[in-house]
Every structure is written in C-alpha cells, then in structure tokens.
Amino acid sequence: MIPKTEKIWMDGAFVKWDDAQVHVLTHSLHYGLGVFEGIRCYETSEGPTIFKLDDHIERLFDSAHIFLLEIPFTRQEIKKAVVETVRVNRLKECYIRPLVYIGYGAMGLYPKDNPIKVAIAAWSWGAYLGEEGLEKGIRVKISSFIRGHVNANMTRGKVCGYYVNSQLAKKEAVLSGYDEALLLDTAGFVSEGSGENIFIVRNGLIKTTPLTSILEGITRNSIIEIARDENFRVEERRFTRDEVYISDEAFFTGTAAEITPIREVDERIIGDGNPGRITKKLQSIYFDCVKGRNKKYESWLTRV
Ligand code: PPE
C-alpha cells in the first residue's frame with residue numbers, strides 16, 4: 001500500500017485523499033488512453049527539490065499531443081500544481097504522479113466530448129527495485145514479450161495503455177524469480193525494461209539504446225549528459241541480448257528506478273557480479289545531483 005497523504009490535486013483544486021474518486025465508467029479505465037508522468041522530489045539542504053520538472057511537464061504535453069488529448073490547463077498551471085501538491089502535503093521527499101485521462105461521458109472508441117481530466121498525487125516511494133537492488137544490483141530476465149511495434153505503441157508518449165505490455169513482462173520476470181524484465185524490440189534488439197531504460201558498458205564504452213523503440217527517459221538523458229561531462233564515450237546504438245550478456249557493466253535508469261545496477265541477465269553474471277566502477281560513479285553523481293549536492297547541475301532542480 002502506498003502511504004496516504006492529505007490531498008490530491010484534481011482538475012484545478014485540492015481534494016482530500018479519500019475523496020479523490022472517479023466514476024466507474026471513466027473512459028480511460030476501460031480503454032487505456034491516458035498519459036502520465038512520474039517525477040521525483042528529493043530532500044536537499046534547501047528543502048524539497050523537484051528533479052527536471054520542466055522536462056517532465058514538456059513530456060506530459062508531448063504525450064497528450066501524440067494521443068490527441070487536449071489538456072485543459074497550461075504548462076505553467078500544471079507545473080505550479082505539481083509544486084503545490086508537494087507543498088500542501090508537507091512532503092520532504094516523494095514521487096509525483098500527474099495523470100491526464102478521459103472522463104465519464106460517452107463510451108466507445110470516439111469519446112469526442114468527454115472531459116479531459118487531470119490529477120496530481122504525491123506520496124513517498126522508496127527504492128523502486130529495493131534498497132538492496134540499488135546497492136548490489138538486480139537479476140534480470142529477457143522477456144518473452146516484446147515491446148510493441150513503433151506503429152502500434154507510440155514510443156515518445158508515456159501512455160497508460162502501454163503498461164499492459166510492461167506488466168506482462170514484469171509479472172513473467174517476477175514469477176520466474178527475477179527482479180525485472182528486459183524487453184526486446186520487434187527486430188530482436190534490446191529496447192528497455194518494463195519501466196526503465198538500459199545502459200551497458202564494455203571496454204570503457206557506454207552504450208544505450210537509440211530512441212527508436214524506447215521511451216525517451218529523462219533519467220537516461222541526464223546520465224548521457226553526466227557521463228559525457230565525465231569524459232566517457234557514450235553511444236546511442238542498438239545492441240543485442242548477447243552483447244548485454246558479455247558486457248562488463250549494465251544498469252537501468254528511470255525516475256522510479258533511479259540508477260539500478262544489473263548484476264545478472266538470464267543466469268549470466270555481468271562483470272564480476274557486483275555493480276561496476278562506471279555504474280557506481282554515475283550513480284553517485286546522479287544522487288549528488290538530485291539531492292542538490294552537485295552545483296554543476298543546479299539548473300535541473302526546482303525548489304518547492
Ligand atoms: N521506459 C519506460 C517504459 C518507463 O516506464 C520509464 C519510466 C522509463 C523508461 C524511464 O523514464 P524516466 O523516468 O523519464 O527516466 N517509468 C516510470 C513509471 C514507473 C512505475 O512503475 O509507475 C517512472 O520511473 O516513473
């Protein structure tokens with residue numbers, strides 16, 4: 001159970017957590033079309049601080065644009081509401097979930113006049129793949145489910161319905177005794193985790209999948225920038241599952257997952273089975289950065 005907070009922002013006003021209800025005929029609940037974001041706020045010496053708020057709100061509007069959903073608020077209004085949601089709940093550190101969905105009205109696949117609704121909730125959410133996962137790395141399984149074709153599932157939009165595929169993969173992995181799934185794309189190349197992007201390191205070269213079959217992760221972009229600033233070579237180039245097997249290091253990135261090392265894929269030990277040197281370095285810079293301890297990336301932070 002996620003811990004309750006006091007209030008949730010719904011369509012322009014705060015309501016009590018327990019009153020944040022929708023009708024059972026809410027359109028998105030039936031057909032899966034809604035777009036959302038996942039944002040983290042960290043405790044820093046200057047109070048709660050939201051990581052890359054502008055980028056998340058931009059992606060939320062891009063997602064809405066792709067799926068022809070008209071958000072009845074401006075970017076500025078949504079940004080302000082996100083900050084307010086953290087503030088009114090007096091949260092120091094939290095995960096923030098803005099959701100845009102199609103409300104109650106007509107049923108069927110062309111809900112022309114149904115209202116477009118927006119909700120923003122925040123709650124404390126610890127390490128997505130466990131504290132131990134962050135520290136020691138996780139065990140991953142290549143999924144038997146693939147990431148949908150780019151013309152079936154859009155890749156640049158963070159859309160609710162896509163996560164049906166992610167849940168199939170995640171359930172399969174967990175029920176088989178792994179921590180997370182890694183999905184291949186329709187051509188057979190590595191795409192991404194159920195809710196994370198992937199990086200591998202081999203002979204000092206860092207590789208991550210190109211934007212053809214993945215969500216453009218905001219954490220991914222941050223890690224590419226940090227790694228290049230640290231003078232590492234980073235290539236956005238597709239790779240195969242066996243290249244992951246023989247990589248020296250591998251890790252997942254995501255707002256929820258942060259930087260989670262991968263220590264094993266399909267029973268193949270990655271490197272020596274411990275988080276690698278480059279992974280640990282990037283992870284530590286990332287945490288310094290989100291926690292406001294690295295002044296170089298201060299422009300990525302929004303104080304609450
Ligand atoms: N790929 C997918 C499919 C994905 O869902 C996420 C985030 C990412 C990549 C990484 O994107 P970014 O967070 O911008 O670095 N997944 C979100 C949802 C997790 C959930 O279980 O809910 C997240 O991390 O917030």
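Visitor: What kind of ligand atom does the polar side-chain atom of arginine 59 lie 2.8 Å from?

Guide: That polar atom in the side chain of arginine 59 lies 2.8 Å from an oxygen atom of the ligand, which is a polar contact in the sense of a pair of N or O atoms within 3.5 Å. This is a predicted model, in which local features need pLDDT of at least 70 and side-chain atom pairs count only at pLDDT 80 or more, while totals for chains, interfaces and linings use all residues. Residues are numbered from 1 along each chain as its sequence is written, and side-chain values use heavy atoms, with hydrogens and water left out.

Visitor: And how far is tyrosine 128 from a ligand oxygen?

Guide: An N or O atom in the side chain of tyrosine 128 is 2.5 Å from an oxygen atom of the ligand, whereas alanine 256 uses a polar backbone atom, 2.8 Å from a ligand oxygen.

Visitor: How much of the ligand does the protein cover?

Guide: On its own the ligand has 550 Å² of accessible area (Shrake-Rupley, 1.4 Å probe), and the protein covers 94% of that.

Visitor: Which elements give two or more residues to the shell?

Guide: Strands E6 (94–102) and E14 (249–254) do, together with helices H5 (162–175) and H6 (218–229); these are DSSP runs, of at least four residues for helices (H or I) and at least two for strands (E), numbered from the N terminus.

Visitor: Which residues come nearest?

Guide: Of the 21 residues around the ligand (a heavy atom within 4 Å), Tyr95, Tyr128, Tyr163, Thr219 and Thr255 come nearest.

Visitor: Zooming out, how many helices and strands are there?

Guide: The protein has eight helices and 17 strands, and its C-alpha atoms fill a box of roughly 55 × 45 × 30 Å along the principal axes.

Conventions. A polar contact is a pair of N or O atoms within 3.5 Å; within protein, one must be able to donate a hydrogen and the other to accept it, and residues adjacent in sequence count only if both atoms are side-chain atoms.
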